[in-house]
Structures are given as structure tokens and as C-alpha cells.
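Please have the structure open while I talk.

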Amino acid sequence: MRKLLFLTLCIFCCSVKAQKFEGLAKKPPMGWNSWNKFECKINETIIREIADALVKTGMKDAGYEYITVDDCWQIGRDSLGNILADPAKFPSGMKSLVDYVHSKGLKFGIYSDAGTQTCQGRPGSRGYEFQDARTYAKWGVDLLKYDWCNHGKQNAEASYTIMRDAIYKAGRPMVLSICEWGTNKPWEWGAAIGHTWRTTEDIINCFDCKNNWGGLGVLQIIDLQVEIGGYSGPGHWNDPDMLEIGNGVLTVNEERAHISMWSMFSAPLIAGNDIRNMSAGTNEVLTNKEVLAIDHDGLGISATRWMKYGELEIWFKPLNDHDFVFCFLNRSNQPVTINQDLKTTIKNYKVDGSYNVRDVWKHKDNGTTEDNIKGTIAGHDVLMLKLTRK
Ligand code: GLA
């Protein structure tokens, strides 16, 4: 009898499997991350001021929610292996910083790495996954960006699964943002493990360029999304990396193109600029609610590239309520003139003449689909048109 009871218990325990926390990212996460602007030059004052600015600038109202401290917050481990925040940069400690961010009605994200060290040589979570997840849970962390440097011969899927299980065991729901750079095709296995996965190497602050070490510009990242849109959806999103809007290099046209295409992909929208000192123009690009609504559309379907005429591409995305978006992307730095009939059938979606057309950047109606769309698109800019049934 005792043996039977033991066996039944074992079977029960083995079947209570760790899993990812569901329901945390029904829409692509939005927020701010310290890396693109500050790299390792972070401290608690900056993070607190960014939290204040997120509220003051209207970004919080527009939907930006997570504040994530990226690499370089960690300094070592104590004798028990607990991860330690750098006391010079975070003298009040992480818990108090998390509390501050929460007090603003925002959520807190933290960064670690699946390998032995982070990309900046700080302690990674390899071998400490459960302990680190417990620490983050104790601090009140809501999101973990989990990087892939110094992973040696580790298997990516297995490594990310360990952290997923560790978070589950720690008992606090956290978005798991897989930052594996697309090396092992995380779109094929990431949905059961995390909520977002990076699809490419790091973004660099330029529209059309490529670095030898692998950094990619906005256009180069867009090109890598063409084949993988189908893997993304509510709860599990392709992540083409954070935004470079407001970081002083992209023109306003390029910034519009950047956030428009990220919204076409239903990508996480993670601002990466110093929002304490941003221009009104940058603020406007980051908080265009008509564009953000496309990113956050309930269907969560990533766009398809419908047409490519040389340097002009037309991307298509179905929306809730049988609405659609067409985004014309002018890759060249010269203006392009268009005269385009939008009546078509794309992947079983029929676009006929019965739609009103709205330019979501000009905030103006632009005729109906009965007529061709005509006009000029500036270099490195987009024309983003939302179609609503008449
Ligand atoms: C990697 C990631 C970046 C950033 C840095 C920090 O390169 O892809 O997004 O987190 O590490 O070191």
C-alpha cells in the first residue's frame, strides 16, 4: 500500500512540469532599456529619472511600460552565490529601485546572461539560474532579458528552458526576453520558453549599414524579418531589437520608417534614447498612437512583404475587424513617386474597393481603395496607410 502511494506521488510530481508564465505578453511588450544610449554608464539616478520622464512625457500613457536595466548593473556574487548589484552605481540597492519604478505604475526589467559571463564580462547566470530567479522575484522584477554571450558549448534551447523553469519555480511572473540574436533560430523553439526572442544581431544606430562584428542597421534588420513573420503572435513575439529613435543619428524620416516597420512586425517597442532630454519631434514619433495601435493590434499578425519594386517595398498587415495596413517603405535616399492600386488578394485576405484609407502619420484621411494611391514618398521614409471598411 505504501509503495503504491509513493508511486502515485512520484507520477503526480513528475507531471507537474515547469512552464512559462502565460498571459504576460498578449501584446508586444513596450518600454525603455538602458543599453542603446547608456551602455555601461548606468546608475540608479538615471533609471529613476527615466521612470519620471516616462510618465511626464506621455510615453507611459502611450503604452511604454517596462524599464529595463541592461548589462553592467552586476558586480559579483557574495559567498553564498547571491548576485550583487554594483554598490557604487546602485547604492540604494535593486529592491528600492524596483519599488520606485513600481511606484510610478511601471514595471521593472533586469538583464542577465545564459552563459558564465555577460557580454560585458559581468557574472552570468550559468549554474545560478534558480538562485538568480529567486533573487529577481524577491526584488519584484517583471521582465528578464537573457543574453547569450560566453555560452561555450551550451545548447540554446536547453539553456533558456532552465531559466524559464527557474522563473516558474521562483513563483513571480516575469516576461522572459530571449536575447539569442537568432543564431539558433529561436523562432522555432522560443514560444514554449519565452515571450519574445531576438531575431538578429544587435541594432546599430544607422538606417542602412552593417558592421563587421555583426551590428545591423534598420534596413538590414528589416530584411531578416521577411521569412519569419509567421512564427510571431500573441504571447510569443519576434524581437528585431530595440529602437534607436532619438539617439541623434537617424533623420525624422528614418525614425518614422523604423517605428512603422517595427509596428508592422508587431515587435516589442523598447525605446533606447535619453527620454529625459528628447526633442518634441522624437517624442511625437515615439508616441504616435495610431502607429502604436497597429503594433498592438489584437490579431498580432506580423506583416508580409507584398511588393518590391527596386528600392520601394509595400508591406501588408491584416488587423482586427477586417481592417488592414499597407506600409510603403522607400529604402532609397531619393524621393519616389507612387501610383498604386491597393485592390488585391494577399494570403486569403481580400482588399476590395470598399475601404477608407487613412494616413496614420499625417493623421488624415486619404480617399478610398476605389482609387489608386498617388503621391511622393521622401527618401528613407514610409507612407503608412490604414484601411477601414466603409
Ligand atoms: C548583447 C545584446 C545587447 C546588449 C549587450 C549588453 O550584445 O544583444 O542588446 O544587451 O549585449 O552587453
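Before anything else, please keep in mind that this is a predicted model, in which local features need pLDDT of at least 70 and side-chain atom pairs count only at pLDDT 80 or more, while totals for chains, interfaces and linings use all residues. Residues are numbered from 1 along each chain as its sequence is written, and side-chain values use heavy atoms, with hydrogens and water left out.

Let me start with the ligand. At R198, a polar side-chain atom lies 3.2 Å from an oxygen atom of the ligand, which falls under the polar contact rule (a pair of N or O atoms within 3.5 Å; within protein, one must be able to donate a hydrogen and the other to accept it, and residues adjacent in sequence count only if both atoms are side-chain atoms). For K145, the corresponding distance from a polar side-chain atom to an oxygen atom of the ligand is 2.8 Å, and for D202 an N or O atom of the side chain is 2.5 Å from a ligand oxygen. The ligand on its own has 300 Å² of accessible area, and the protein covers 94% of that; these areas come from the Shrake-Rupley method with a 1.4 Å probe, and for residues only the protein chains shown count as cover.

Which residues surround the ligand? They are W35, D70, D71, Y111, C119, Q120, K145, D147, C179, W181, R198 and D202, where being near means that one of the heavy atoms of a residue lies within 4 Å of the molecule. This shell divides into 5 nonpolar, 1 polar and 6 charged residues, with Ala, Val, Leu, Ile, Met, Phe, Trp, Tyr, Cys and Pro taken as nonpolar, Asp, Glu, Lys and Arg as charged, and the others, Gly among them, as polar.

How many disulfides does the structure hold? There are 3, a disulfide being a pair of cysteine sulfur atoms within 2.5 Å.

C119 is joined by a disulfide to C149, with 2.1 Å from S to S, and the link is right-handed, with 100 degrees about the S-S bond. Because C119 lies in the loop between β5 (107-113) and α6 (129-139) and C149 in the loop between β6 (143-147) and α7 (156-170), the pair ties together parts that are 30 residues apart in sequence; helices (H or I, at least four residues) and strands (E, at least two) are DSSP runs numbered from the N terminus. C119 is partly exposed at 31% relative accessible area, whereas C149, at 16%, is buried; buried means under 20% relative accessible area, exposed over 50%, and partly exposed in between (1.4 Å probe, protein chains only).

A disulfide also joins C40 to C72, with an S to S distance of 1.8 Å. This pair ties together parts that are 32 residues apart in sequence, because C40 sits in the loop between α2 (35-38) and α3 (44-56) and C72 in the loop between β2 (66-68) and β3 (74-77). C72 is buried, at 0% relative accessibility.

In the link of C206 and C209, the sulfur atoms are 1.5 Å apart, and the torsion about the S-S bond is about -50 degrees, so this disulfide is left-handed. C206 is buried at 14% relative accessibility, and C209 is partly exposed at 23%. With the bonded cysteines numbered in sequence order, the pairing reads 1-2, 3-4, 5-6.

C179 is buried, at 1% relative accessibility. C327 is likewise in no disulfide, the nearest cysteine sulfur being that of C206, 19 Å away.

Finally, the aromatic rings, where the count comes to 15 pairs; rings of Phe, Tyr and Trp (its six-membered ring) pair if their centres lie within 6.5 Å, with planes under 30 degrees apart counted as stacked, over 60 as edge-to-face and the rest as tilted. The rings of F21 and Y168 have centres 5.0 Å apart and planes at 40 degrees, so that pair is tilted. Ring pairs also link W306, F316, F324, F326, Y349 and Y355 into a cluster.
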